[in-house]
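Trainee: Could we go through this model together, beginning with the domains and then turning to the ligand and the backbone?

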Amino acid sequence: MDIGIDKIGFYTPKKYIDIVELAKARNVDPDKFTIGIGQSKQSVPMEYQDSVTMAAEAANQIISKDDNIGLVIVGTESSVDESKAVATFLVDLLNLPEDVRAFEIKEACYGATAGLKMAEGFVALNPDKKALVIASDIARYGINTPGEVTQGAGAVAMLIGKDPKILKFNHEEVYMTKNVGDFWRPTFSKTAFARGKFSNQVYVEFFSELWQKYQNTFDQTVDDFQTMLFHVPYTKMGMKALKTLKDKIDPDKFDELSKHYQASIEMGREVGNLYTGSLYLALISYLINGDPKDNEKILLFSYGSGAVGELYSATIQPEFKKNLVSEEIKEVLSNREKISIKEYENIFAEDPQNGYSTNVSDVLDEFYLREIKESERLYKKMEH
Ligand code: HMG
């Protein structure tokens, strides 16, 4: 049975900062941020937004009453509660049936991939049902830190089912886990701690080891793929991994992979790191901005600090354009407002506590944190 992504949706907050303005405010040469790191804009979530509201926005773009969803998994490292899963709020906000399993998965930026793999097993056992897997995160390092330029926010929602219309999983996958201290966020902290350059090195090492393992396991070479998609914490990162192949493969093949990589990072450049959604935003970006061929075989590199890596192959389905909500996704990116660095710094300092309530007239989105009462977060969908 063919199983894979039947629909895919995307959300990023409606406010962003310009990366050149950020560089100037931090007394950094703008080329370092736009070329050295490779970012143009960075999404800034509002006080009423978090991993719950963004997950709801992305899922709302793709689900319908007839989907027969039996499983809801949210991959996130920006959870709002140590106990209650983000996915449980969604059952309410999205009017999902109660006969679903709903829970949350955490392993840094690998969470959504872990969710997809579980969803694949679920559909294999329950072919008449679908699974909703959502990646939703806010990447925060702090004002004037080396990681600040790599922040971002947003969510990607994927509906997994049999006979998928967008991407078929090929069940060719290799994975590995190592206990590595490249990046972490203790429960007391709203911002991540990163050994930045070390994390880059581990990312590339994971890719190289997994690629070797993949080739040995499945007796395939780079010529079996037209495209390689990467987790994109910032747009230069995947290219560092891709470049490890440069001297080992035909120059035309490397040019082809590089060209497709450029199409895959166009959207990530505009929003920043989505953490666990970044790889899947690269997929969306490639489907919309690249020129994928019917039945094109692609390789996806998922990396979550800490660290877990997985390299797996999938095949783009001939009718992918019909099921891709390209116009809605493009609108999410075009319908945004630039804010100043000062405004961003003020928003960054906000930290809603018990007793907080949102002024509904400030809400620009469909889903929002309504209030925090008895330390319980209560959400609402906008009434029209
Ligand atoms: P940094 O120390 O500010 O920057 O940290 P740098 O000095 O390494 O410079 C960056 C690049 O800009 C270099 O190029 C410079 O040469 C270049 P590279 O050597 O990398 O090719 N540069 C310039 N280019 C043009 N004009 C100039 C100029 N000046 C310098 N004038 C770092 C950068 C990414 C480390 C930092 O932002 C950081 O710590 N970010 C957070 C960690 C991160 O994103 N790690 C990525 C790998 S780990 C991962 O992907 C997992 C993650 O998503 C978390 C999860 O799994 O949950 C992060």
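Trainee: How far apart do the C-alpha centres of domain 1 and domain 2 lie?

Mentor: This is a predicted model, in which local features need pLDDT of at least 70 and side-chain atom pairs count only at pLDDT 80 or more, while totals for chains, interfaces and linings use all residues. Residues are numbered from 1 along each chain as its sequence is written, and side-chain values use heavy atoms, with hydrogens and water left out. The domain assignment (bounds from an automatic or database assignment) gives domain 1 as 3-167 + 324-381 and domain 2 as 168-321. Between their C-alpha centres the separation is 20 Å.

Trainee: What area do domain 1 and domain 2 bury between them?

Mentor: Taking contact as heavy atoms within 4.5 Å, 62 residues of domain 1 are in contact with 51 residues of domain 2. Buried area is the accessible area (1.4 Å probe) that two parts lose on being put together, summed over both. With 61% of it on carbon and sulfur atoms, the area buried between domain 1 and domain 2 is about 4,600 Å².

Trainee: Which element supplies the largest share of the side of domain 1 that touches domain 2?

Mentor: Across this interface, 30 residue pairs, both at pLDDT 80 or more, are in polar contact (N or O atoms within 3.5 Å; within protein, one must be able to donate a hydrogen and the other to accept it, and residues adjacent in sequence count only if both atoms are side-chain atoms). Among the elements that each supply at least two residues of the domain 1 side are helix H5 (111-125), strand S6 (130-139) and strand S7 (152-162), where helices (H or I, at least four residues) and strands (E, at least two) are DSSP runs numbered from the N terminus. The largest share, seven residues, comes from S7.

Trainee: Which residue's side chain meets that of Glu-337 in a salt bridge?

Mentor: A salt bridge is a side-chain nitrogen of Lys or Arg within 4 Å of a carboxyl oxygen of Asp or Glu, and the whole structure has 19 of them. At 3.0 Å, N to O, the side chain of Glu-337 meets that of Lys-15. Because Glu-337 lies in strand S14 (residues 337-338) and its partner in strand S2 (residues 15-18), the pair ties together parts that are 322 residues apart in sequence, the partner being Lys-15.

Trainee: Which side chain has a polar atom 2.8 Å from a nitrogen atom of the ligand?

Mentor: An oxygen atom of the ligand is 2.9 Å from a side-chain N or O atom of Lys-32, and a backbone N or O atom of Cys-109 lies 3.2 Å from a ligand oxygen atom. The polar side-chain atom 2.8 Å from a ligand nitrogen belongs to Ser-199.

Trainee: Where is Ala-307 found?

Mentor: A cis peptide bond, with omega about 0°, joins Gly-306 and Ala-307. Ala-307 is found in the loop between strand S12 (297-304) and strand S13 (308-316).
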